[in-house]
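Please look over the sequence and the structure below before reading on.

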Amino acid sequence: MKMKMRPILLNVFSIVFFVCLALPNLNGQNTDSLSLVKESQHFAFYSTKADIGVLDSLAIILEKNYARITNRLGIEIDKKINVKVFPDVKSFHIAVNYPDSPDWVVGSCVGDELLMVSPLNPGSVHSYESLMQVVVHEFVHIAVYYTCGDKVLSALPKWLNEGYAQYEAGQLNDRVRKSVEASLRDKAPNWAQLNAASAMEFGHMNGYAISVSIVEFLVDTYGIDKLVLLIKAPDDLDTIYGFPENTLEEQWVRYVKHENTD
Ligand SMILES: [Zn+2]
């Protein structure tokens, strides 16, 4: 019974997104149906007429989070970020060149452009509310890209990139924590396996939930400043934390299992 329930649970629990910037070049991206319809202080919004009504809400949540995230990372972004809102899941998948993606794929970013499904038509997995978090999640990826440059792809661990985006977007909740506990009772991937996974494999191995759990552990135990240092210099993990990665990994497992981390 337990085994039969598991795939369903994982599908529900895994609030998953593409790893941004790992997308292929979007030469095929079709945004013809979208027009520039709104600008806020730091963002320019493209959508169809049908989605104009949701852009004020997207602008408010992005602007509300903008200063905290850019200050935390110590960056200034010298241009407006384009936000492209696609009318439905299908048109978004076609635009990002993954036409056969499952419905949980709802947000992405390419360089400094943010692409997402309209919160007014979120598909079968997401909701209006979860897409309001997705837009912040994708903006965090863009801010990290401004912080690290191409190192995002070559050096930043996938769990750190995805975990930090979810952490700042407020996507960590008790449901996510419980799914991580369940993964650890079963056979959770280790950090190296998370980093080696493709975007799809990462989603299927509960990688998003596990990643934000790792980031929560690091912030709770060692503070946000060290996490920001790690984002800027992921190769210096041992120096920043004073332990090798496998020691931190063992501490994290005990943290999730509510065991003493001393
Ligand atoms: Zn992401």
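In this predicted model, the buried residues of helix H7 are Val 176, Ser 179, Val 180 and Ser 183. They cover an arc of only 100° around the axis, and therefore lie on the same side of H7. An α-helix has 3.6 residues a turn, so residues three or four places apart point the same way.

**Helix H7**
- On the other side of H7, the exposed residues are Asp 174, Arg 175 and Arg 185.
- The 12 residues of H7, at 1.5 Å a residue, should span 16 Å, and this agrees with its end C-alpha atoms, which are 16 Å apart.

**H7 against H10**
- Helix H7 (residues 174–185) packs with helix H10 (residues 207–222) at an angle of about 105°, and their axes are 9 Å apart.
- Because angles of 65 to 115 degrees count as roughly perpendicular, H7 and H10 are described as roughly perpendicular to each other.
- In this contact, Val 176, Arg 177, Ser 179, Val 180 and Ser 183 of H7 meet Ala 209, Ile 210, Val 212 and Ser 213 of H10.
- The residues of the contact of H7 with H10 comprise 5 nonpolar, 3 polar and 1 charged.

**Positive phi values**
- Most residues other than glycine have a negative phi.
- Asn 206, which lies in the loop between helix H9 (199–204) and H10, has a positive phi, near 65°, and is buried, with 25 other C-beta atoms within 10 Å.
- His 258, in the segment after helix H13 (245–256), has a positive phi, near 60°, and counts as exposed, with 8 C-beta neighbours inside 10 Å.

Methods. Residues numbered from 1 in each chain as written. Predicted model: local features only at pLDDT ≥ 70, side-chain atom pairs only at ≥ 80, totals over all residues. Axes fitted to C-alpha atoms, helices over the stretch in contact; angles between N-to-C directions. Helix = DSSP H or I, 4+ residues; strand = E, 2+ residues; numbered from the N terminus. Parallel < 35°, antiparallel > 145°, perpendicular 65-115°, else oblique. Contact = placed C-beta atoms within 7 Å. Nonpolar A, V, L, I, M, F, W, Y, C, P; charged D, E, K, R; others polar. Expected span 1.5 Å × (residues − 1). Buried ≥ 20, exposed ≤ 12 C-beta atoms within 10 Å, placed from the backbone. Arc of directions from axis to C-beta.
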